[in-house]
Structures are given as C-alpha cells and as structure tokens.
Amino acid sequence: MKTRKFFAALSLSLLAACAQVSPHEAVHNTNVRKAAQNARTRSDHDALTKYFEDAAREMQTKAEEQKHLLEHYEEKGYLYGRQAQDLKSHTAALLRKYEANAEENIKEAAIHRQMAQEQAKRDFAAHQGHIVDAAKQRSTPN
C-alpha cells in the first residue's frame, strides 16, 4: 500500500514538474521571438535554425518519455487506483502538447533555414556584383 502511494506521489510530482513553464523559459521565448524578428544575416537565421532544431529534439525526447509513461499507466493502472485515469489523461495531454511543440519547432527551423539560404544567395550575388564592378572600373580608361 505504501509503495502504491509513493509511486502515485512520485508520478504526480513528475507530471506537475513537466507541465510547468518556468519564468526563464517564458523570458527566453520572448528573446527568441525578438531575435527572429530582428534576424537580418545568414548567421542570424542559422543560429535560429539550430535553436529551433534543438528545441524540437528536446520536445521529441519529452514526448517519448510521456509515451513510455502512458504505456506504464495503461499496463499497470491497477497500481494507481482511482488516480490511474487522471494520470493517463494528463500524460496523454502532455504527449499531444510536446508533439505539437516539436512539429511547430521543426516548421520554424525550416523557415529560418530557407531564409538563411536566400540570404546566402543575396550575399553571393552582391559579392559577385562588387567583383564585376571592380573589374569594369579597372578596364575603363581614364
């Protein structure tokens, strides 16, 4: 009986910890939003791409953890008594949330990867234009 209560309390505390968004994360999201709005160079977009890819991997890892936890609750629901259904519902909701966040981060990474490629093309074209202009200036007699 004590083991059941211990595991139930442990599971609930883990779920509660996973569900909370810390103030640091909220500020960080604001900073990322500002960085995305102010991104002008290829390196800015490359950095944002890496950030969103890392965030997507983190969300996928959390989703996998929730999948395993949900499987555990479905297989061993009898250990949690009346709380089993609540734990399953909460875990399934977190699983959906993490999967949606991962998908959103993947899309953002793709957008910034595309922007970085476009910026690289513009930079290359501008660089080539300067080289051509410099060649024209040398060949023009004064």
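Is K50 buried or exposed? K50 is exposed, with a relative accessible area of 51%; exposed means over 50%, buried means under 20%, and partly exposed is anything in between (1.4 Å probe, protein chains only). Before we go on, keep in mind that this is a predicted model, where local features need pLDDT of at least 70 and side-chain atom pairs count only at pLDDT 80 or more, while totals for chains, interfaces and linings use all residues. Residues are numbered from 1 along each chain as its sequence is written, and side-chain values use heavy atoms, with hydrogens and water left out.

Let's start with the whole chain. It has 4 helices and 0 strands, where helices (H or I, at least four residues) and strands (E, at least two) are DSSP runs numbered from the N terminus. Reading along the sequence, you get the pattern α-α-α-α. Of the chain's 142 residues, 22% count as buried. The chain exposes about 10,300 Å², and carbon and sulfur atoms supply 56% of that; the areas come from the Shrake-Rupley method with a 1.4 Å probe, and for residues only the protein chains shown count as cover. Now for contacts, meaning heavy atoms within 4.5 Å. Among those with a separation of 6 or more, 74% are between residues 24 or more positions apart.

Next, take a look at helix α3. This helix has 34 residues and reaches 49 Å from its first C-alpha to its last, close to the 50 Å expected at 1.5 Å a residue. That expected span is 1.5 Å times one less than the number of residues. The buried residues of α3 include H45, L48, F52, A56, M59, A63, L70 and Y73.

What about the charged residues in α3? K50 forms a salt bridge with D54, the closest N and O atoms being 2.8 Å apart. A salt bridge here is a side-chain nitrogen of Lys or Arg within 4 Å of a carboxyl oxygen of Asp or Glu. D54 and K50 are about one helical turn from each other, because they sit 4 residues apart in α3. D54 is partly exposed, at 30% relative accessible area. K50, D54 and R57 are linked in a network of salt bridges. Elsewhere in the helix, D46 pairs with R42 in a salt bridge of 3.7 Å, and these two are also 4 residues apart in α3. Both partners are partly exposed, D46 at 36% and R42 at 43%. K62 and E58 make a salt bridge as well, at 3.8 Å from N to O. The count for the structure comes to 7 salt bridges.

Now head inside. The largest nonpolar core has 8 residues: M59, A63, L70, A92, L94, L95, Y98 and A102. Such a core is a set of buried Ala, Val, Leu, Ile, Met, Phe, Trp, Tyr and Cys residues joined through side-chain atoms within 4.5 Å. The elements giving two or more residues to this core are α3 (42-75) and α4 (83-139), and α4 gives the most, with 5 residues. In soluble globular proteins, nonpolar side chains tend to be buried together. For a close-up, pick L70: leaving out residues up to four places away in sequence, L70 touches K88, T91, A92 and L95.

There is also a second, separate core of 5 residues, which includes A39, L48, F52 and A109. A109 lies in helix α4 and counts as buried at 3% relative accessibility. The C-alpha atoms of A109 and E53 are separated by 5.9 Å, although the two residues are 56 apart along the chain.

Finally, find the rings. The structure holds 2 aromatic pairs; rings of Phe, Tyr and Trp (its six-membered ring) pair if their centres lie within 6.5 Å, with planes under 30 degrees apart counting as stacked, over 60 as edge-to-face and the rest as tilted. Y51 and F52 form an edge-to-face pair, 5.3 Å centre to centre with 75° between the planes. F52 is buried, at 8%, whereas Y51 is partly exposed, at 26%. Y73 and Y80 have ring centres 5.1 Å apart and planes at 90°, so this pair is edge-to-face. Y73 is buried, at 1%, and Y80 is buried, at 6%.
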